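Dear colleague,

Please find below the structure that I am handing over to you, with the sequence alongside.

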Amino acid sequence: MGNKSLWRNTKSLLVVLNYSSESQLKAYRKALDQILDKSHVKKLIIIVIVPKEVDKTTLPPHFLIYYHSPSDFTFWGKLKDVLLLQELEKKYDMLLWIGAKESKIYETVQSTFCAKKIGINCSDESFFDMGITTDKDDPSTLLAFVINTINKIEIYE
């Protein structure tokens with residue numbers, strides 16, 4: 001591939017994924033570490049959507065991960081997490097949204113500038129530039145498939 005690949009030109013990445021278990025989260029972290037070690041990405045933020053019944057304070061802290069739950073919004077729908085709000089005011093080269101978008105954070109992320117928005121196993125033709133559907137469940141296999149797919153897309157400016 002030439003140097004005009006969509007993936008190779010990604011320097012900042014915003015990843016949003018749904019939490020299902022701690023082992024799944026560890027697998028995503030490991031897979032992202034492996035993929036990003038071989039990439040040009042210099043800035044990464046990960047938002048993990050945690051269900052209401054999971055106590056996010058029990059999850060392992062990480063400086064790149066923001067755990068988000070439905071209780072992180074005020075009655076009026078404003079995000080309470082000031083640090084996450086600051087991150088979402090920045091610009092990103094790419095958004096990878098993995099899984100369902102039935103979350104309050106979806107509307108907040110929509111106002112974040114992302115040059116390319118890719119939905120993985122979710123659909124919203126009005127928001128995402130591209131949708132990728134796969135039956136792969138393993139985070140490593142899923143992310144490798146996604147990266148290989150977007151690495152084949154050339155940027156024309």
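**Findings**

Y106 has its place in helix α3, which comprises residues 105-110. Please keep in mind throughout that this is a predicted model. With a relative accessible area of 8%, Y106 is buried. Setting aside residues up to four places away in sequence, Y106 touches W97, K101, D124, F127 and F128. Y106 and I155 are 49 residues apart in sequence, and their C-alpha atoms are 26 Å apart in space.

**The sheet**

Strand β1 (residues 12-18) deserves a separate description. Of the 7 residues in β1, 6 are buried, so that the strand is mostly covered. On one hand, β1 runs parallel to strand β2 (residues 43-49), to which 7 bridges join it. On the other, 5 bridges join β1 to strand β4 (residues 92-98), again in a parallel arrangement.

Individual residues show how these pairings are made. The bridge partner of L14 in β2 is I45, while in β4 L14 stands opposite L95. V16 of the chain faces its own counterpart in β4, namely W97.

Where do α1 and α4 meet? On the side of α1, the residues involved are Q24, A27, Y28, A31, L32, Q34 and I35; on the side of α4, they are P139, S140, L142, L143, A144 and I147. The axes of the two helices, α1 and α4, come within 8 Å and cross at roughly 40°. This crossing of α1 and α4 is right-handed.

One of the α4 residues at this meeting place is S140. The helix that holds S140 spans residues 139-151. Is S140 buried, partly exposed or exposed? Its relative accessibility is 32%, and S140 therefore counts as partly exposed. When its neighbours within four places in sequence are left aside, S140 is in contact with A31 and Q34, both of which are listed among the α1 residues that meet α4. S140 and L96 are 44 residues apart in sequence, with a C-alpha to C-alpha separation of 14 Å.

**Cysteines**

How many disulfides does a search of the whole structure find? The search finds 0. Accordingly, C122 is in no disulfide either, its nearest cysteine sulfur being that of C114. C114 counts as buried because its relative accessibility is 3%. C122 is likewise buried, with a relative accessible area of 15%; the threshold applied here is under 20%.

**A residue with positive phi**

Finally, I draw your attention to N121. N121 is found in the loop between β5 and β6. The phi angle of N121 is near 60°, a positive value in a residue other than glycine. With a relative accessibility of 32%, N121 counts as partly exposed.

With kind regards

Key: Residues are numbered from 1 along each chain as its sequence is written. This is a predicted model: local features need pLDDT of at least 70, side-chain atom pairs count only at pLDDT 80 or more; totals for chains, interfaces and linings use all residues. Side-chain values use heavy atoms; hydrogens and water are left out. Helices (H or I, at least four residues) and strands (E, at least two) are DSSP runs, numbered from the N terminus. Buried means under 20% relative accessible area, exposed over 50%, partly exposed in between (1.4 Å probe, protein chains only). Contact means heavy atoms within 4.5 Å. Two strands pair if DSSP finds at least two bridges between them. A disulfide is a pair of cysteine sulfur atoms within 2.5 Å. Axes are lines fitted to C-alpha atoms, for helices over the stretch in contact, and angles run from 0 to 180 degrees between N-to-C directions. A crossing is left-handed if the near helix is turned anticlockwise from the far one by less than a right angle, and right-handed if clockwise.
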